[in-house]
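Colleague: I have the sequence and the model open on my screen. Could you walk me through the fold, beginning with the strands?

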Amino acid sequence: MSTIKTITFILFTATTLLASCNAAENATTKPLFPAILIFGDSTVDTGNNNYPINTFFRATHLPYGIDLPNHEANGRFSNGKLIPDILATKYNIKQLVPPFLQPNLSDQEILTGVCFASAGAGYDDLTSLSTQAIPVSEQPNMFKDYIARLKSIVGDKKAVEIINNALVVISSGTNDMILNYYTIPTRRLQYHHVSSYQDFILKRLDNLIGELYSLGCRNIVIAGLPPIGCLPIQMTAKFRNIFRFCLEKENKDSVVYNEKLQKQLHQIQASLTGSKILYADIYNPIYDMMQNPSKYGFKETKRGCCGTGFLETSFMCNVLSPKCENHSEFLFFDSIHPSQATYNYIGDLLDTQIRERIAA
């Protein structure tokens, strides 16, 4: 082979390999969804409560956020990332999902999605009234403002395309049960059976999904309830529960709610053309972590890492509170909210389901 032919062959081979590498890189870095949009409560609020609303549910102080890249509190009720951040990272959208109320959001942040959730919120407006959070029912109004800005950046047609293909995550309901039914009996006086109150909440969720669909959302993930009776603060609420057993009645209520929710979501998807609606099972993973902690590397599942772990949350979990040394060994970071380690496990499970059911 002549020298010219040899050089030509080498250049051709190198160019082909480079093109293949670039194609592979593009395939792995291209976002699975163009944007991620979040609605709900503190389990997914990435910091909206930091801004001018009169709520005492804030996570703007350490030790919240202590395991984030900059080790600073920014409104997330955990030691690190929440499910929205974990999913956004997995899908190559962004590392952290910003709250919509954050001032000076860049155009790029708007293009790739934001969070509308508010800690302390519920599907029931009465829940948010007691916590001064942004009710889930009002979060679509923030979404409408977001859509207007998105259109101003990319135009109407592209904005519709982004929203149609975005991943939407909704997580709420726990505050409704704890604040409005178990602890403060406001709704219990009106709904004598928990089943009736569950139906009321599910109707509110039905309305929310319908409104988001009308605004262009098609890929929607809805979280069920966790085993509420296993939350450290609920165990503490039963003063005679010295061995800190999970409260089976509250767990059974969660199971019944989740069964109703799954059935309802099938019906909703069938009625909304082009929608892909996924039920996110939170109950079973957390319950399994409670029953088999060593399988997940946990050493403590009945109290939070912050303070005593029995009651502390929000302002009660603060820089003066003692905290556990190894955050990843605790299922809960405070008395209500899971640790980043827990969210990572749940995120892995959700990722598999989303890829199979929505992204396929």
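Colleague: Which residue in S4 stands opposite valine 221?

Modeller: Valine 221 stands opposite leucine 278 in S4. Please keep in mind that this is a predicted model, in which local features need pLDDT of at least 70 and side-chain atom pairs count only at pLDDT 80 or more, while totals for chains, interfaces and linings use all residues. Residues are numbered from 1 along each chain as its sequence is written, and side-chain values use heavy atoms, with hydrogens and water left out.

Colleague: What is the order of the strands in the open sheet?

Modeller: The order is S1-S2-S3-S4, an open sheet of four strands with parallel pairing. Strands (E, at least two residues) and helices (H or I, at least four) are DSSP runs numbered from the N terminus, and two strands pair if DSSP finds at least two bridges between them. Strand S1 (36–40) and strand S4 (276–280) stand at the edges with a single partner strand each, so one side of each has no neighbour in the sheet. From one strand to the next, the twist averages 20 degrees.

Colleague: And how many bridges join S2 and S3?

Modeller: Strand S2 (residues 167–171) and strand S3 (residues 219–223) pair over four bridges in the parallel sense, with isoleucine 170 opposite isoleucine 222 in S3. S3 and S4 pair over five bridges, and five bridges also join S1 and S2, where serine 171 in S2 is the bridge partner of glycine 40.

Colleague: Is S1 buried or exposed, given where it sits?

Modeller: Five of the five residues of S1 are buried (under 20% relative accessible area, against over 50% for exposed and in between for partly exposed, with a 1.4 Å probe and protein chains only), so S1 is largely enclosed by the rest of the structure. Ile36, Ile38 and Gly40 point one way from S1, whereas Leu37 and Phe39 point the other way. In a regular strand the side chains alternate between the two faces of the sheet. For S4, four of the five residues are buried, so S4 is likewise largely enclosed.

Colleague: Switching to helices, at what angle do H5 and H6 cross?

Modeller: The axes of helix H5 (residues 139–154) and helix H6 (residues 156–165) cross at roughly 130 degrees and come within 7 Å. Axes here are lines fitted to C-alpha atoms, for helices over the stretch in contact (heavy atoms within 4.5 Å), and angles run from 0 to 180 degrees between N-to-C directions. That makes H5 oblique to H6, because angles under 35 degrees count as roughly parallel, over 145 as roughly antiparallel, 65 to 115 as roughly perpendicular and the rest as oblique. Among the residues that meet there are Phe143 and Ile147 in H5 and Ile162 and Ile163 in H6.

Colleague: Last topic: how many salt bridges does a search of the whole structure find?

Modeller: The search finds 14 salt bridges, each being a side-chain nitrogen of Lys or Arg within 4 Å of a carboxyl oxygen of Asp or Glu. One of them joins aspartate 125 and arginine 204, whose closest N and O atoms are 2.8 Å apart. This pair links distant parts of the chain, with aspartate 125 in helix H4 (residues 125–131) and arginine 204 in helix H9 (residues 194–214), 79 residues apart.

Colleague: What is the relative accessible area of aspartate 125?

Modeller: Aspartate 125 has 32% and is partly exposed, and arginine 204, at 25%, also counts as partly exposed. Lysine 295, which meets aspartate 288 in a salt bridge at 2.8 Å, N to O, is exposed at 55%.
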